[in-house]
Amino acid sequence: MSLISLAGELTETGHRLIQRVYYEDTDFSGVVYHARYLHFMERARTDYLRLLGVEQASLAIESDAEGLVFVVHRMEIDFKSPARMDDILTIETTTEKAGGAKMVLQQEIRRAGALLIAAKVIIAVINGQGRPRRLPEALATKFLAAQGAA
C-alpha cells in the first residue's frame, strides 16, 4: 500500500479520505461516539495538508522567524445520522477561504453516499507565540488551487 492511499487523495474540489469505523470509535451500542467524528475530520485535514506538500511540523520551525501554526478556532457541526461499527466512511474536505489570518474548510462525512456529518471548520493561522499572522500567499494559493484542481 502506498503512502498516497493512506493519506487519501486530492479531488476536483479538495480532498477525500476513506476510514473504517472500529470498535474503539463506538459507544456501548455500536454507534460512533460523537467526539470520534472530530478525530476523523482532523485526520482528513492533516492528510489534505500532507498531499498539498504542507508539513505542519516544519512550518512551525522553518517557515520564518515567527513560525506558522494552524489551530481550530471554531467548528460548526451538524450530526445528521449515526455511523456504526465496521462502516466505511468517506471524509471530504474543501477549502472555502484561504487568506488573511484564517482558512475556512467544509468537511462532510458520508457512508455509501449518505451524508452523516456536515461541518464548517475555521482555522486560525498563528505564530509561535500564539498571535495571529497572515497565511503566506504561496500557501493560500495551494489551498485555493486544490479547490479547482484535477
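Predicted model: local features only at pLDDT ≥ 70, side-chain atom pairs only at ≥ 80, totals over all residues.
**Exercise 1.** Determine where D25 and R36 lie, how they are linked, and whether each is buried or exposed.

Solution. 
1. Look at the closest N and O atoms of the two residues: they are 2.7 Å apart. A salt bridge requires a side-chain nitrogen of Lys or Arg within 4 Å of a carboxyl oxygen of Asp or Glu, and D25 and R36 form one.
2. D25 sits in the loop between β2 (14-20) and α2 (36-51), while R36 belongs to helix α2. They are 11 residues apart, and the pair links distant parts of the chain.
3. Assign accessibility. Buried means under 20% relative accessible area. D25 has a value of 2% and is therefore buried. R36 has 15%, so R36 is buried as well.

**Exercise 2.** Describe the salt bridge between R50 and D47, and classify the accessibility of each partner.

Solution. 
1. The N to O distance between the side chains of R50 and D47 is 2.3 Å, and they meet in a salt bridge.
2. Both residues are in helix α2, with a spacing of three residues, about one turn of the helix.
3. D47 has a relative accessible area of 9% and is therefore buried. R50 has 49%, so R50 is classed as partly exposed.

**Exercise 3.** Classify the accessibility of R110 and E108, and state how many salt bridges the model has.

Solution. 
1. R110 and E108 form a salt bridge, with the closest N and O atoms 2.9 Å apart.

**Exercise 4.** Locate N127, decide whether N127 is buried or exposed, and list what its side chain and the residue as a whole reach.

Solution. 
1. N127 lies in the loop between β6 (114-126) and α4 (137-147).
2. The relative accessibility of N127 is 7%, so N127 counts as buried.
3. The side chain of N127 reaches the backbone nitrogen of Q129 at a distance of 2.8 Å.
4. Leaving aside residues up to four places away in sequence, N127 touches E66, G67 and R133.

Definitions and conventions
Residues numbered from 1 in each chain as written. Heavy atoms only, no water. Helix = DSSP H or I, 4+ residues; strand = E, 2+ residues; numbered from the N terminus. Buried < 20%, exposed > 50% of the residue type's maximum accessible area, 1.4 Å probe, protein only. Polar contact = N/O pair within 3.5 Å; in protein donor to acceptor, adjacent residues only side chain to side chain. Contact = heavy atoms within 4.5 Å.
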